[in-house]
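Here is a friendly walk through a two-chain model, written for someone who likes to keep the structure open while reading. Let's start where the chains meet.

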Amino acid sequence: MAAQGSGLIARIVVTPRRDVLDPQGAAVQGALASLGFEEVSRVRIGRFMEVELHTDDRVVAEQRVHKMCEQLLANPVVEDFSFELTTRGTGA
Amino acid sequence: MTVTAAVVVFPGSNCDEDCRHVLSDVLDVSTQMVWHKESALPDVDLVVLPGGFSYGDYLRSGAIARFSPVMKAVVEHARAGGLTFGICNGFQILTEAGLLPGALRHNRGLKFVCQDVTVRVQHSDSALTSRAVAGDDLIIPVAHNEGCYYVGPEILERLEGEGQVLLRYVDPDGEVRGQAAVNGSLAAVAGICNSARNVFGMMPHPERCSEALVGGPAYGSKNTDGRRLFEGLVAAAAGGGA
């Protein structure tokens, strides 16, 4: 019953850019190796955000969330971001 | 000519009073505190963004403070050539606001570092470093978790070429390295200025070593190295503002 007026959820992932030192990721990679997970070749630690939107317009939402990421949620000097939009209430 | 300054206070600033004290009581600068909700700044020679944990460092250090109402006026002041100085969290805010290049990331060692560090003056042709000589070593305390300076290679090259890296960390063995021991900063960057040389940011806290009384007992002669940096800014304000 997620037809109209249910809104959207943006699930946003912000990660350190690949060329940027990520000391947390390096520390976790070391801990995983010491637990026997030698197959781990790299760990990057970032941030996950859920942003609920009271709009059902995916095209506009896509543009707006992109702007949110560029202006505040990620720092383009050191971070990359990606996100997906889902319909609220789908349990996805 | 009385030099005037404003210290911006964000929710979570904790070095604002120290900055006011040094400017006002030690250097006789007429200093006002400006709450971050103000939309205008008083007409002053120098604007200081102090250290602390503005907005609890939520999201990223300085990321939210950068959108405080007062920051529009700070950006205008800086773009108009006004002296602007960010210390620690203030440096982080200036990078987030785009007034200084680069970003401050988690310390490489994953620890909050709170200790005296030695920084080497790289250039004296800036207001901040005008009371020092290139090669001088200053002892100034740091206290930060996100002080690892990073900037892309092209911009770093430009910073180096234009002499915008003003202070570099000296490792405990007396060497300056590509990655500072204290926090992992690229090119051991401790302090920089913008290309117009009126906006300054540094991670160490000069306001904590500007008086013999509180300069730290670890030194035979009381440490007032931080005062030299403030004096440079004040001298520039006195000379340039007339």
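## Where the two chains meet

Between chain B and chain A there is one salt bridge, a term used here for a side-chain nitrogen of Lys or Arg within 4 Å of a carboxyl oxygen of Asp or Glu. In this predicted model, local features need pLDDT of at least 70 and side-chain atom pairs count only at pLDDT 80 or more, while totals for chains, interfaces and linings use all residues; side-chain values use heavy atoms, with hydrogens and water left out. Residues are numbered from 1 along each chain as its sequence is written, and chains are lettered from A in the order in which they are written.

A salt bridge joins the side chains of A:Glu79 and B:Arg60, at 3.7 Å from N to O. A network of salt bridges links A:Glu79 and B:Arg60 with A:Arg47 and B:Glu96. Six residue pairs are in polar contact across the interface of chain B and chain A, both residues being at pLDDT 80 or more. A polar contact is a pair of N or O atoms within 3.5 Å; within protein, one must be able to donate a hydrogen and the other to accept it, and residues adjacent in sequence count only if both atoms are side-chain atoms. On the side of chain B that touches chain A, strand E5 (103-105) and strand E8 (148-150) each supply at least two residues. Strands here are DSSP runs (E, at least two residues), numbered from the N terminus.

## The area between them

How many residues of chain B are in contact with chain A? There are 15, and they meet 19 residues of chain A; contact means heavy atoms within 4.5 Å. Together the two chains bury about 1400 Å², with 64% of it on carbon and sulfur atoms. That buried area is the accessible area (1.4 Å probe) that two parts lose on being put together, summed over both. B:Leu59, B:Arg105 and B:Tyr150 supply 42% of the area that chain B buries against chain A, more than any other three residues.

## An enclosed strand in chain B

Is strand E9 (residues 165-170) of chain B enclosed or open? Six of its six residues are buried, so E9(B) is largely enclosed by the rest of the structure. Buried means under 20% relative accessible area, exposed over 50%, and partly exposed in between (1.4 Å probe, protein chains only).

E9(B) has partners to look for in the sheet. Strand E6 (residues 113-121) of chain B runs antiparallel to E9(B) and is joined to it by four bridges; B:Tyr169 in E9(B) stands opposite B:Val119. Strand E10 (residues 189-193) of chain B is also antiparallel to E9(B), with three bridges between them, and here B:Arg168 has B:Val189 as its bridge partner. Strands pair if DSSP finds at least two bridges between them.

B:Asn194 lies in the loop between E10 and strand E11 (199-202) of chain B and is buried, at 13% relative accessibility. Its side chain makes a polar contact of 2.9 Å with that of B:Asn198. Beyond its neighbours within four places in sequence, B:Asn194 is in contact with B:Leu99, B:Leu100, B:Gln164 and B:Val199.

B:Arg197 forms a salt bridge with B:Asp125, with the closest N and O atoms 3.1 Å apart. This pair links distant parts of the chain, 72 residues apart: B:Arg197 is in the loop between E10 and E11, and B:Asp125 is in the loop between E6 and strand E7 (137-144) of chain B.

## Salt bridges and cysteines

Over all chains the structure holds 15 salt bridges. B:Arg177, partly exposed at 38% relative accessibility, takes part in a salt bridge with B:Asp171 (2.9 Å, N to O) and in another with B:Asp173, where the closest N and O atoms are 2.5 Å apart. B:Asp171 is buried, at 7% relative accessibility.

How many disulfides does the structure hold? The count over all chains is zero, where a disulfide is a pair of cysteine sulfur atoms within 2.5 Å. For B:Cys15, the nearest cysteine sulfur is that of B:Cys19, 6.4 Å away; B:Cys15 is buried, at 1% relative accessibility. For B:Cys114, the nearest cysteine sulfur belongs to B:Cys88, 10 Å away, and B:Cys114 is exposed, at 58%.
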